[in-house]
Amino acid sequence: MCAWIAQVAVPGHQGDVLDLASDKQQSDKDRNTSSQNSPKVQSKDRDMGAALRSAYQKTVDEHVPDEMLDLLNKLA
């Protein structure tokens, strides 16, 4: 197996070297650990998803001012 090493630019961590093979092994460990806490995590994920969908829907339903529509029509 070939171990991939990458240099990435992450804010606050410029030039860090990541060993992608060990990152994958770590993510497998994290996945196994997170499955033990899945009911709490799933509940939080579901609540977060509902809140995001609600905020999105409110934004979509918001009235667009006539002045903004006029400006957009001028661009077309």
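**Elements.** I looked up the helices and strands of the protein chain and found three helices and two strands. For these I used DSSP runs, numbered from the N terminus: H or I of at least four residues for helices, E of at least two for strands. Along the sequence the pattern reads β-β-α-α-α.

**Ground rules.** I am reading a predicted model, where local features need pLDDT of at least 70, side-chain atom pairs count only at pLDDT 80 or more, and totals for chains, interfaces and linings use all residues. Residues are numbered from 1 along each chain as its sequence is written, and side-chain values use heavy atoms, with hydrogens and water left out.

**Confidence.** I checked pLDDT, the predictor's confidence in each residue from 0 to 100. The protein chain averages 74, and 51% of the residues score at least 70. Strand β1 (residues 5-8) has the lowest mean among the elements, 45, while α3 has the highest, 95. Over residues 1-10 the pLDDT is below 50.

**Helix α2.** I followed α2 through residues 38-61; its 24 residues reach 34 Å from first C-alpha to last.

**Met-68.** I found Met-68 in helix α3 (residues 66-75). Met-68 is partly exposed, at 42% relative accessible area.

Definitions and conventions:
Buried < 20%, exposed > 50% of the residue type's maximum accessible area, 1.4 Å probe, protein only. Expected span 1.5 Å × (residues − 1). Contact = heavy atoms within 4.5 Å.
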